Every structure is written in C-alpha cells, then in structure tokens.
Amino acid sequence: MKQNQLTVLLTLSCLFTAGFCANRCCYSQDARYRIQLEPRQRAAANDPETRWYASPVKTVTGVVEQIDEHQISILVDGQTIAQRHSAARLISIEPLDLPDDQRQAIDAFGRQAYTDALTGLIRSVSEKEVSQRPPVWRQQWLSMLASQAAMRSGRGEISLELVNQLDSRPLPQVVVALLPIDWTGTAEGTLFDSAAKMASSPSLAVKLVAASWLLRSPKYRPAAETAIKRLSKQSDRPVIAMLATQLAWQTNSPAKLSEDFGVWRSSIDSLPMSLQTGPLILISSTARRLGLKDESKALNLSLIHAAPTWHPDLPTDDRR
C-alpha cells in the first residue's frame, strides 16, 4: 500500500510539474463537446402580479478551444467565430467522443471500483507524449475525479495531494465543484490522520476538504469548525468561501438548523448553479437527520431528477 501510494504520488509530481506546461494543443484539437450554460440572468418575480417564465439553460455543441477560470471559448457547430462565455456560467461539459482510457476509468468509478478508477484516471492524464494528453481543463477535471476516487478508497493522502497540486493554478468552478468535500457527513475514520496532517496546508482548497472530513472526528471537530468558519470569511478565494459557508451550517445546533432551514435553502439558490449540487446534498442529508420529512423528500426528488450538475454523491431512484 505504501509503495503504491509512493508510485502514484511520483506520477502526480511528473504530471503537475511538467504535464500542464504545453497544453493549448490537445490530443484531438477537433474533439467535440456538449456544454450547458447557466442562464445569463436568474428569473425573478418581485411583483406577485407579474407573469414571468424561467430562462432556460443554454446548450451548445462544438469544439472547445479553451476553458480557464474566467471564460470558455467554443466554436459552435456551423459557425466560423468562436463564442466566449463566462466560465462561471458553465455547469456541464460532456465529451461526444470519449477516449477509451477515460471511458474505462470513469466506468470503473461508476461501478465504485475506486482503486481501478484512480489508476486509470491518473494514467489518462499522464501519457508520456504531450500531444496525447487531454487539454489542461480536461486534465483538471479528470484529476479532481481521481481525488474523489482516492478519498473513496481510503487513500486520503493521495486525495489531498491531488487537491494540493490542482490548487496550485486557477481552476474553473465546474472543477472546484468536484472537490472531495464530505457533503454527506460519512467520512471514514481512515481519512482523519491524513486530513489532520494536511490541515495546515497553504492551499485553501486542501484546508477546506480536510476540515470537511474532520467534522466527523470527535477529536478534531472543534478545530475543523474553526477552520471552516475562518475559510467562509476570507475574501481572496470567493468560491472557496462560498463552499465553506455552506459547510459552516453544520456547526449550528439542530434547533437552529430547523428554525433557519428556509434561510439555508435560499442561500443555496443564490449560489452559481455549478456550485449548488454539493450543498444540496448536504442540506438533504441534514433534513433527513433532523426528521424534516417533507423537506427531505422534496430535496431528494430534486436531486434525483433535477440536480444542477452531476456529482458522485447524488442519490439514485431506487424504483429504477
């Protein structure tokens, strides 16, 4: 186990120190993707007499030229000039022709074969030939999924090291949304030691993930609560602060949570759509724990049928 961890960490070191340097070119520059964008303006009805309709999510298909923390550039099918959109509006990006190595790794993740998924995901972003690697943003997404696989297979050190190296450069919100945060309140005790060791990391993303795991630890919970509240107030990384603010709700008493449940639900609605699913999973599990049956049922159905984005902790419809 220790040798395997060392091998993976050495692979990651090579990937993140050299693998991202090249990469405006990608393994297939004409690869096509289907993307979904949050409506430019949220629908609102301040006047109860006003008739209004919600703006739809925008779906476009084409060749993605670039994604970074600021914008996405996509050459839409049938057009000659690329469209540019705010990256904050991006809520979904789906490859229309998924390479076999990525497909196999993602399928392994779906089967909960997390060790196989971790190995496959790392391999898919660390090919020796630069021309064979996915574009940077795709490497980031796959690597964040690998951090999820590492967490779910009890490899907390690898999971946090992945987050640490990913957080060394700006990330699109759609990637940050996949941070291996414990939204379900079920982090295993095997993760506590690695989280405690990494809790003082300079990376705010690592601090956030580690603190979310340690909320389950009787020994470290007070320190984790303090860390989350501190992260929720910092201004340098607003996306981290928004996610920390949602985690901070767990520090309230059951009575306070029940009293302010509607306020919490509204605060999630005010988040960018790309960041809502994790907090919705959290509030749904909290409603179930508090015995709020109607709220829990409504949230669970919403997550099954209308989650804003995909997340590995989404519930499934048991009737299927």
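Is Arg237 buried, exposed or partly exposed? Arg237 counts as partly exposed, at 29% relative accessibility (buried means under 20% relative accessible area, exposed over 50%, partly exposed in between, with a 1.4 Å probe and protein chains only). This is a predicted model, in which local features need pLDDT of at least 70 and side-chain atom pairs count only at pLDDT 80 or more, while totals for chains, interfaces and linings use all residues. Residues are numbered from 1 along each chain as its sequence is written, and side-chain values use heavy atoms, with hydrogens and water left out.

**Salt bridges**

- Side chains of opposite charge can pair when their charged atoms come close.
- The structure holds 7 salt bridges (a side-chain nitrogen of Lys or Arg within 4 Å of a carboxyl oxygen of Asp or Glu).
- One of them joins Asp167 to Arg237, with the closest N and O atoms 2.7 Å apart.
- Asp167 sits in the loop between helix 5 (156-166) and helix 6 (173-176), and Arg237 in the loop between helix 9 (221-233) and helix 10 (238-248), so this pair ties together parts 70 residues apart in sequence (helices are DSSP runs of H or I, at least four residues, and strands are runs of E, at least two, numbered from the N terminus).
- Asp167 counts as buried, at 14% relative accessibility.
- Arg32 pairs with Asp77, and their closest N and O atoms are 2.6 Å apart.
- That pair links distant parts of the chain, 45 residues apart: Arg32 is in strand 1 (residues 32-37), Asp77 in the loop between strand 3 (71-76) and strand 4 (83-86).
- Arg32 is partly exposed at 36%, and Asp77 is partly exposed at 39%.
- Lys256 bridges to Asp260, with 2.9 Å between the closest N and O atoms.
- Lys256 is partly exposed at 36%, whereas Asp260 is buried at 16%.

**The largest pocket**

- The largest pocket has a volume of about 600 Å³ (on a 1 Å grid over the protein atoms alone, a pocket is an open set of points where a 1.4 Å probe fits, with protein on both sides within 12 Å along at least five of seven lines; lining residues have an atom within 4 Å of a point).
- Its lining has 38 residues, and the closest to its centre are Trp141, Leu178, Trp310, His311 and Pro312.
- Strand 5 (90-95), helix 2 (100-110), helix 4 (136-152), helix 6 and helix 13 (277-290) each supply at least two lining residues.
- By class, the lining has 23 nonpolar, 9 polar and 6 charged residues.

Methods:
Points joined across faces, edges and corners; volume = space filled by probe spheres on them. Nonpolar A, V, L, I, M, F, W, Y, C, P; charged D, E, K, R; others polar.
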